[in-house]
Amino acid sequence: MVGARSNFELIMPTTSKRSRAALDLPLRLDRAAGNQALQVYGSLRGAILDGRLAAGLRLPSTRALAQQFGVKRNAVVIAYEHLQSDGLADARTGSGTFVASLPAPARNTRRLTTVPRGIKPAPTRPFALGKTYADPQLLRRLAAATRRRIMKADDAAFGYGDPRGDATLRAEIARYLAASRGFICDPDCILVVNGIQQGMRMCVEALLQPGDAVWMEDPGYPVACRTLTRAGLKVVPVPVDAEGIDVRAGAKRSPAAKAAYVTPSHQFPTGVTMTMARRTALVEWARAAKAWLLEDDYDSEFRYGGPPLTALAGIGGGDRVIYLGTFSKLLGAGLRLAYMVLPPSALDQVIAVREGHDRFPPGFLAGAVADLMAEGFIADHIRRMRRRYRGSRDAIVATLERAAGSALRLVSPQQGLHLLALLPDGLPADAADAIRAQAQVETWLLSETRLKATGADGFILGFGGHDVAELTSAATALGHAARRYVDVLR
């Protein structure tokens, strides 16, 4: 019936200018509770006791709440006084009325006592992979550049953007790849993404079909393997040797594969650099099989010796290579900033998938990074981090050589942010796991990255972003544990 009200009335937020500075409360008034003061008091009291209004929350002014509830202001004043006398609210002169601190209310919902299955906290202790140094100079410059981008933004910056991402960042990425990775690409063929895994999923959805076979390096990067598997693809393990992925073995195992995932510049986890003969053979296979090459160039910025390596896309494979790069190792994984360079023949299909997912990536941070690249700051930052990470690598190697003796064979890399410490052949299958537990270190085992390949086990030791003193302490513990284990068996 028009004009009729139920006993309980839902109070919706208002848009009045007077109440704009206060918090609108989506509460219900019990119209049968008595006069207006009792109605307001009862509603607020119930919300405070059951935890909907948290301790320390500033309540709206009496004028704003009266207007929101549609009651007299004096009714709200009386309700607030009742709350204060009950110890449920505190009045602070010149500040307002606040919800008082009370014991946490009992809840019917079950609280999580453990991390949900499948969600693991990111490792942070020495040897953890994927950690980068939070350089204070970088953070200051990035914060300033982001603020400038926001303060000077035009209408277009607050609208729906290009699905490929910020144009200035794509242009800077193209310049960087030409100078450091040896291949020229069109900025129009670059897509900015929120991490390499997102880029891979877009490519898989756009270019492959569930059930398609994909070559996977063995040993290889487990996260990439899971990404491909969860997309419904058939992962085919292809062994890696001293020259990189064995193309002949891959062609025998799955000649009609539709894609291959590779890390040619710094193979994960072995650290091997794919030879030019293997690179050429891989590109030729992809072209003949009409397969896509997913080139993950995850840490190419950090090369400690020799000239930069040319990417697969720069040796004549541009029509079949999808180049995946990231700022995670350079600036930090938490920024979620990566990119991929697509062949023109794949561009429209991947863009269509992008538009159906998150439409377009955020632009302010991307623009800020582009500004720092144009100013030359990112290049300076790379040089500073190279010196820092090289020192960390050398400290681990020297410490492990002293602590482990012949119990570990070290593979010190000329690139990247991790190294291998290999155990001798002939040890029990659980030797590496037992040593890791004894040393109480946070590291992946080489065996944990294998699909089918066998061989000596060992430890994948990340050194990027960790304190040198903590790294050497952990290296000492690992070296001693390995030496004790091997000595007992001998």
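This is a predicted model: local features need pLDDT of at least 70, side-chain atom pairs count only at pLDDT 80 or more; totals for chains, interfaces and linings use all residues.
**Exercise 1. Classify Leu 38: is Leu 38 buried, partly exposed or exposed?**

Step 1: grab the cut-offs. Buried means under 20% relative accessible area, exposed means over 50%, and partly exposed is in between (1.4 Å probe, protein chains only).

Step 2: apply them. Leu 38 has 36% relative accessibility, so Leu 38 counts as partly exposed.

Step 3: Leu 38 sits in helix α1, residues 36–49; helices (H or I, at least four residues) and strands (E, at least two) are DSSP runs, numbered from the N terminus.

Residues are numbered from 1 along each chain as its sequence is written, and side-chain values use heavy atoms, with hydrogens and water left out.

**Exercise 2. Work out which strands stand at the edges of the four-stranded sheet.**

Step 1: write down the order. The open sheet runs β13-β14-β16-β15, with antiparallel pairing; two strands pair if DSSP finds at least two bridges between them.

Step 2: look for strands with a single partner. β13 (409–411) and β15 each have just one, so one side of each is left without a neighbour in the sheet.

Step 3: β14 (residues 418–422) and β16 are joined by five bridges, and Leu 422 has Gly 458 in β16 as its bridge partner.

**Exercise 3. Find what surrounds Asp 457.**

Step 1: locate Asp 457. Look in the loop between β15 (444–445) and β16 (458–462).

Step 2: Asp 457 is buried and has none; Arg 450, the nearest side chain of opposite charge, is 4.7 Å away.

Step 3: list other partners. The Asp 457 side chain reaches the backbone nitrogen of Leu 446 at 3.4 Å. Contacts (heavy atoms within 4.5 Å) include Leu 422, Ala 429 and Ser 447.

**Exercise 4. Describe the salt bridge between Asp 241 and Arg 278.**

Step 1: get the distance. The two side chains meet at 2.8 Å, N to O.

Step 2: see what gets linked. Asp 241 belongs to strand β7 (residues 234–241) and Arg 278 to helix α9 (residues 276–289), 37 residues apart.

Step 3: Asp 241, at 31% relative accessibility, is partly exposed, whereas Arg 278, at 12%, is buried.

How values were computed: Lys and Arg count as positive and Asp and Glu as negative; His and the chain ends are not counted. A salt bridge is a side-chain nitrogen of Lys or Arg within 4 Å of a carboxyl oxygen of Asp or Glu. A polar contact is a pair of N or O atoms within 3.5 Å; within protein, one must be able to donate a hydrogen and the other to accept it, and residues adjacent in sequence count only if both atoms are side-chain atoms. Lists of a residue's contacts leave out its neighbours within four places in sequence.
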